[in-house]
Each structure stands twice: as C-alpha cells, then as structure tokens.
Amino acid sequence: MNIVVLDAATLAGVSLDPLRKFGTVTEYHTTSAEQLMPRIRSAEVVVTNKVVLNADALSQLPSLRLICVAATGTNNIDLEAARAHNIAVTNVAGYSTPSVVLHTFTLLGNLMSNIHRYTQDCANGAWQRSNLFCRLDYPIHDLSGKRFVIVGYGNLGQAVAKVASAFGAEVVIAERPGQETVRAERVEFTEALRSADIVSVHCPLTDTTRDLFDADTLALLPAHAILLNTARGGIVNEQALADALANQQLLGAGVDVLSVEPAAADNPLEQYQGNNLLLTPHTAWASQESITRLIQGIAENIDSFLKGREHNRLV
C-alpha cells in the first residue's frame with residue numbers, strides 16, 4: 001500500500017517501522033494546506049495528527065481507502081465526507097494515559113514544592129550564599145490529606161485518581177456542571193470546587209465545557225487551590241485564569257494546553273510572568289513510550305482494516 005504520513009514531526013522521531021510491513025511509507029515533517037493535495041493524490045492510506053482533511057480534499061482522492069488519525073481526537077477530519085466517499089477513518093485511544101498522568105503530577109509537584117523556583121535559585125547561586133544548610137524561601141506543601149477534585153472521570157481521570165490516592169489525597173469526582181441529579185460517589189460541581197485543594201481537568205472540549213472555568217467558576221475555588229489543565233485549552237478561559245493568578249485568587253496553575261496552538265504571543269498565559277503558573281507546550285501526551293504505543297496502534301488499525309475488521313473504526 002502507498003502510505004503517506006503528513007506530519008511526522010508530531011511523532012518525535014520514533015521509528016515508523018511498524019507501518020512499513022504494509023507497503024511504502026512516505027514521511028513529511030509537516031504539511032501545509034498548499035502542499036496537501038500533491039502529496040496524497042495517489043495515497044491509499046494517510047496518517048495525520050493535525051493536518052486537516054476536509055470535504056473538498058476527500059472528494060478528490062479516488063485512491064484513498066483509509067485515514068489513520070495519529071491521535072484520539074478526529075476534529076481535523078470531515079467524517080461525513082469520508083463516509084460519503086467510502087473512506088475508512090480510525091483513531092488511537094488510551095496510548096498516552098501514563099504520560100499524561102506523569103505530566104499532571106509533575107506540574108503539581110513543582111507547584112506544591114516550588115521546585116521551579118528553588119532550582120532557579122540554585123542556578124543563580126542563592127544556595128551558595130545561604131547562611132543555612134537549606135533554603136526555605138518559598139512554601140512547600142504535602143499532597144497527602146488534600147482534597148483532589150477531578151473534572152472528567154474517563155480513563156485519564158480514573159488513572160489520575162489512582163495516583164492521587166496513592167499520595168494520600170482525598171479524591172473527589174465532580175459531577176458534570178448543571179446536573180440536577182448527582183450520581184453515586186460524585187459531588188455536585190460547584191460544591192466540589194468550593195472545597196477543593198487541587199482541581200485536575202480531564203474532560204473533553206465540547207460546547208458544554210468551553211470556558212467551563214471562567215471568572216465566575218474560578219471565583220468558587222479557595223485561594224489556596226491549584227488548577228491543573230492537561231485536557232484542552234478552551235476549557236479554561238485564559239484571561240480569567242491569568243487575572244485570578246495575578247490577583248492571588250489561586251495558589252497556582254499548571255497548564256499544558258491553550259485555546260490556540262502553537263501559543264500566540266498575546267495569549268494572556270503566555271504573557272503572564274508570575275511564579276504561580278507553569279506553562280508547558282502541549283507535551284503531556286508525548287513520552288517516547290506513548291508515541292511508540294501510538295505508532296503500534298496505527299499499525300494495528302491498518303492490519304485490522306486489511307483483514308476486514310473494524311478495530312478503532314470511526315467510519
């Protein structure tokens with residue numbers, strides 16, 4: 001088969017050998033809208049992470065049989081157009097869970113222990129100038145005993161809950177906002193936030209969750225609370241979060257995702273200079289092991305397709 005990988009840069013140099021047993025693999029580091037059609041006109045399988053395949057493009061690809069999304073989300077593919085042109089579409093789910101969990105607690109550990117500030121002090125010679133064996137300039141907090149609220153209790157939320165429990169935190173599962181009925185073992189959304197020490201966001205971005213954490217929602221959190229978002233940027237209103245951090249309405253925030261990526265220079269969180277924000281460039285998912293699992297998952301999807309099965313099929 002003629003397999004074309006459109007944005008191999010998102011796979012961080014991890015080997016694509018699992019795909020080569022199915023045919024010829026052509027890799028492109030990135031692909032612009034102008035470059036798209038010449039590169040995939042004769043492709044039978046297209047692998048894309050973020051490159052958009054819209055209805056117009058799909059209508060011009062008679063050879064294309066399968067689109068493998070190198071991610072879980074498929075908002076870059078016109079699924080209805082793919083169905084109309086008899087093009088199968090697959091994704092890969094669950095491959096990045098261990099990486100996202102680690103990143104979540106890396107952000108949290110840094111914020112609760114102020115490690116990012118202490119390491120900078122060491123680099124600047126502050127420890128060398130100390131009159132004590134240690135430095136205690138910034139507060140350090142335990143996770144044990146803290147009330148750890150999880151918003152979005154899918155596979156990722158459940159995995160984060162397990163680790164939080166292992167640290168001795170009290171895990172609270174927030175009910176979906178606006179629900180009149182609170183499910184067993186969950187806590188009403190605003191009640192959960194009002195009592196939170198840590199809030200970790202793991203829900204999808206939908207019309208319901210867009211700007212879920214705006215100025216009003218953030219105001220529900222105690223001033224000692226930490227907010228973590230490794231889900232999707234649009235769930236947290238960035239200006240509202242920057243204002244809350246600047247006004248010390250929150251102890252801190254760890255953010256791996258923004259509403260527009262890559263980050264715009266005028267993004268409020270990109271511009272924010274306070275030590276109570278840790279901003280990472282959408283890397284929570286991207287351990288080498290996660291990407292290896294992702295590529296293996298794509299290979300399994302191609303193999304399943306060729307055998308007439310529907311493993312991970314969305315179309």
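Predicted model: local features only at pLDDT ≥ 70, side-chain atom pairs only at ≥ 80, totals over all residues.
Modeller: Residues are numbered from 1 along each chain as its sequence is written, and side-chain values use heavy atoms, with hydrogens and water left out.

Biologist: Why is asparagine 301 called buried?

Modeller: Its relative accessible area is 1%, and buried means under 20% (1.4 Å probe, protein chains only). Asparagine 301 is therefore buried. Of the 315 residues in the protein chain, 47% are buried.

Biologist: What makes the link between the side chains of asparagine 301 and threonine 90 a polar contact?

Modeller: The value is 3.4 Å. A polar contact is a pair of N or O atoms within 3.5 Å; within protein, one must be able to donate a hydrogen and the other to accept it, and residues adjacent in sequence count only if both atoms are side-chain atoms. The pair is therefore counted as a polar contact.

Biologist: Which residues does asparagine 301 touch, leaving aside those up to four places away in sequence?

Modeller: Asparagine 301 touches Thr90, Asn91, Val92, His311 and Asn312, where contact means heavy atoms within 4.5 Å. Across the protein chain, 60% of contacts between residues at least 6 apart in sequence join residues at least 24 apart.

Biologist: In which helix is the place of asparagine 301?

Modeller: Asparagine 301 lies in helix 12, residues 288-306. The protein chain has 12 helices and 11 strands, with helices (H or I, at least four residues) and strands (E, at least two) taken as DSSP runs numbered from the N terminus.

Terms used:
Buried < 20%, exposed > 50% of the residue type's maximum accessible area, 1.4 Å probe, protein only.
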